[in-house]
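Subject: Structure for your review

Dear colleague,

Please find the structure below, together with a summary of what was found in it. I would be grateful if you would read the two side by side.

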Amino acid sequence: MLRTLPGSAPVAMSFTRVSGLAALGFALLIVAGNVVLVPAGLPHTGAGIEEVDGFFRAHHDLVGIGSALTPAAWVLATVFGAGALRLLWHAEGQHGSGWALVGFAGLLLQDAAFAGVIALRLALASAAADGVGADMGLWALHDALFTLNGTFLALALVGLSLGGLRTGLVHPWHSAWGLVSAALMFGSAVLTPWVVDRLGPLGLLGLAGWLMWVVWIVVYGIVLLRAEPGRPTGR
């Protein structure tokens, strides 16, 4: 990507700043996907088959629209993770740690897990468009994969929060925010058998963690946009 400075030839925008923009774009797309589906009545984890069947029959086209945003979101998440890893790699190596690599692995794994979630939603929407009722087994698999994905989000949060803190890239409050979000996500994943079994307050653990995750990644994107190319800011 090129940008032009006054009185000079075009120069390449640093990959660090590109990854910062990718983080902001990723956050925007995942929020937009929920803005499309949640007000329409996307069933919560543990919802009954009647509610699930009613939603996909009434909104199968909307599910397709919401799902169309996700491939770009996965690309942006990967670019964000690669940029953060590149920035932190050398500094972490001097400390003998590799938390940034753990975080990048978590981002890749959440991309894969959520691809499965979206595939199951599209399968249910396609069946509904053909007049076939929702399959309880498919929805149960959707709920389980959706909740277990909290494990990989927790890995991303812990890895990049600790890596950023140890190298001085992020503020302590930002790292602590990420660790609390990770604890909520991981707690929800551990309780998956009970979360997917029925509607209840346990599902709020994952929701609170997810909302904190969105804030965390927006702040991380801003940090990367402001970081000096090639090295952490050295707080």
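Is R57 buried, partly exposed or exposed, and what is its relative accessible area? R57 is partly exposed, with a relative accessible area of 38%; buried means under 20%, exposed over 50% and partly exposed in between, with a 1.4 Å probe and protein chains only.

Please note that the model is predicted: local features need pLDDT of at least 70, side-chain atom pairs count only at pLDDT 80 or more, and totals for chains, interfaces and linings use all residues. Residues are numbered from 1 along each chain as its sequence is written, and side-chain values use heavy atoms, with hydrogens and water left out.

The salt bridge

The structure holds one salt bridge, a term that requires a side-chain nitrogen of Lys or Arg within 4 Å of a carboxyl oxygen of Asp or Glu. The partners are R57 and D53, whose closest N and O atoms are 2.8 Å apart. Because R57 and D53 are four residues apart in helix α2, about one helical turn separates them. Helices here are DSSP runs of H or I with at least four residues, numbered from the N terminus.

Helix α3 and its surroundings

Helix α3 covers residues 60-68, and its buried residues are V63, G66 and S67. Viewed down the axis of α3, these buried residues fall within an arc of 100°, so they line one face of the helix; the arc is taken from the directions from the helix axis to the C-beta atoms. The face turned away from the buried side carries the exposed residues D61, I65 and A68. The buried residues of α3 pack against α1 (15-37), α2 (49-58), α4 (70-95) and α5 (99-129), where contact means heavy atoms within 4.5 Å.

The side chain of T70, a residue of helix α4, reaches the backbone oxygen of S67 at 2.6 Å. T70 is buried, with a relative accessible area of 13%. The C-alpha atoms of S67 and A119 are separated by 8.8 Å, although the two residues are 52 residues apart along the chain. A119 is found in helix α5 and is partly exposed, with a relative accessible area of 44%.

E92 in helix α4

E92 is found in helix α4. E92 is buried yet has no salt bridge, and the nearest side chain of opposite charge, R166, is 4.7 Å away; Lys and Arg count as positive, Asp and Glu as negative, and His and the chain ends are not counted. A polar contact of 2.9 Å joins the side chains of E92 and S97. That term denotes a pair of N or O atoms within 3.5 Å; within protein, one must be able to donate a hydrogen and the other to accept it, and residues adjacent in sequence count only if both atoms are side-chain atoms.

Aromatic pairs

Rings of Phe, Tyr and Trp (its six-membered ring) pair if their centres lie within 6.5 Å; planes under 30 degrees apart count as stacked, over 60 as edge-to-face and the rest as tilted. By this rule there are eight aromatic pairs. F55 and F56 form one that is edge-to-face, at 5.2 Å centre to centre and 85° between the planes. W213 and W216 form a stacked pair, at 5.7 Å centre to centre and 15° between the planes. Both W213 and W216 are buried, and both lie in helix α10 (residues 203-226), three residues apart.

Yours sincerely

Notes
Helices (H or I, at least four residues) and strands (E, at least two) are DSSP runs, numbered from the N terminus.
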